[in-house]
Amino acid sequence: MGSTEIARPDVPSFYETEISWDKLDKTKFYVVGAGIFSGVTLALYPLSVIKTRMQVASKDAVQKNVFSAFRNIVKVDGIPGLYRGFGTVITGAVPARIVFLTSLEMTKEASLKLMEPFKLSEPVQAAIANGIAGMSGSLCSQAVFVPLDVVSQKLMVQGYSGFAKYNGGFDVVHRIIKSDGVWGLYRGFGLSVMTYPPSSAVWWASYGSSQHIIWNQWNMVYAQAASGVVAGAVTSCVTTPLDTIKTRLQVMDTTEKRDVGQVMKRLIAEDGWRGLYRGLGPRFASMSAWGTTMIVAYEYLKRLCAVSERDLSG
């Protein structure tokens with residue numbers, strides 16, 4: 001005997017609550033979004049610092065877990081140590097996020113229209129459209145994100161386990177360009193393209209699909225939050241090895257010329273294959289926490305910036 005799905009009258013369907021790109025006040029979207037996401041970044045930034053420290057630590061200095069890494073940073077540098085490189089990140093994140101979100105929304109809308117003739121189920125349709133959009137957004141924003149990543153990660157690990165010290169982000173940029181030219185700011189670009197766009201695709205596909213599946217079971221905010229956790233778990237497990245190698249490449253001294261194979265070989269020699277998953281704990285926590293807070297804030301932002309049908313027609 002087949003079961004019949006009973007719709008909850010107090011829960012709107014997903015498509016009834018979805019706000020398309022052409023129904024947003026773009027100026028308000030970018031300005032308010034910059035403030036909201038800067039706040040989220042401020043709250044979660046320490047997890048990125050801890051993850052980076054764990055990934056680049058030498059065999060003798062490696063921290064066994066998140067809490068020991070946290071204690072070590074606070075003991076040596078105090079609370080400000082958890083925010084090394086934050087100024088650089090917050091400065092570059094605004095234009096990078098504008099590029100990402102614009103590409104994300106426009107690609108998602110176009111993908112959904114292209115799939116209409118195929119009559120796919122809502123979760124499948126959402127997974128494909130969100131996955132393509134997430135990859136597109138990440139690809140378009142890598143030109144800004146990679147230099148930002150290189151500079152901020154060098155600041156995160158400066159003075160730690162033998163790494164050089166810098167006098168701020170401009171000093172990092174100056175030294176890199178002096179040693180390697182402008183292309184030095186794009187060290188690890190290939191791995192970033194291999195890591196972040198697929199990571200973004202997996203994250204947004206997982207989010208879109210799980211959001212549809214659990215939409216009618218919980219209220220809207222809980223559904224979005226739970227979907228963010230699911231997406232963060234899947235993405236962190238799939239992409240942490242590439243992220244670990246990429247991070248090591250990016251924080252190397254400018255005189256070092258190791259390639260991907262050499263970095264991977266050294267990491268495995270130090271810690272076995274599990275070394276590729278260094279920082280998995282904080283990366284999972286960061287991606288899940290970031291995903292949950294970001295997606296709830298993002299959906300709230302879209303509703304805050306929605307333009308009414310009357311305004312559109314007028």
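## A buried charged pair

D149 is buried, and K246 is buried as well. In this predicted model, the two residues form a salt bridge in which the closest N and O atoms are 2.9 Å apart. D149 belongs to helix α5 (residues 122-157) and K246 to helix α8 (residues 220-251), so the pair ties together parts that are 97 residues apart in sequence. Side chains of opposite charge can pair when their charged atoms come close.

K246 also meets the side chain of D243 in a salt bridge, at 3.8 Å from N to O. Here both partners lie in helix α8, three residues apart, which is about one turn of the helix. D243, like K246, is buried.

## Other salt bridges

The structure holds 15 salt bridges. Another of them joins R278 to D271, with 3.4 Å between the closest N and O atoms. R278 has a relative accessible area of 5% and is therefore buried, since the cut-off for that class is under 20%.

R278 and D271 also take part in a network of salt bridges, in which they are linked with R248, R266, E270 and R274.

## Overall architecture

The chain has eleven helices and zero strands. Read along the sequence, the pattern is accordingly written α-α-α-α-α-α-α-α-α-α-α. Of the 314 residues of the chain, 48% count as buried.

## Helix α2

Helix α2 covers residues 26-56 and bends by about 50° at L44. At the start of α2, a side-chain oxygen of D25 comes to within 3.3 Å of the backbone nitrogen of T27.

## The largest cavity

Three cavities of 30 Å³ or more are found in a search of the whole structure. The largest cavity has a volume of about 1,000 Å³. Its lining is made up of 37 residues, and those nearest the centre of the cavity are S48, R97, F145, Y196 and W290.

At least two residues each are supplied by α2, α4 (86-115), α5, α7 (189-214), α8 and α10 (280-304). Helix α5 provides the largest share, with ten residues. By residue class, the lining of the largest cavity divides into 19 nonpolar, 13 polar and five charged residues.

L114 is located in helix α4. Its relative accessibility is 65%, and L114 therefore counts as exposed, the cut-off being over 50%. In sequence, L114 and A129 are 15 residues apart, and their C-alpha atoms are separated by 9.3 Å in space.

How values were computed. Residues numbered from 1 in each chain as written. Predicted model: local features only at pLDDT ≥ 70, side-chain atom pairs only at ≥ 80, totals over all residues. Heavy atoms only, no water. Bend = angle between axes of the 7 residues up to and from the residue. Helix = DSSP H or I, 4+ residues; strand = E, 2+ residues; numbered from the N terminus. Polar contact = N/O pair within 3.5 Å; in protein donor to acceptor, adjacent residues only side chain to side chain. Salt bridge = Lys/Arg side-chain N within 4 Å of Asp/Glu carboxyl O. Buried < 20%, exposed > 50% of the residue type's maximum accessible area, 1.4 Å probe, protein only. 1 Å grid on protein atoms, 1.4 Å probe; cavity = no way out; pocket = protein on both sides within 12 Å on 5 of 7 lines; lining within 4 Å. Points joined across faces, edges and corners; volume = space filled by probe spheres on them. Nonpolar A, V, L, I, M, F, W, Y, C, P; charged D, E, K, R; others polar.
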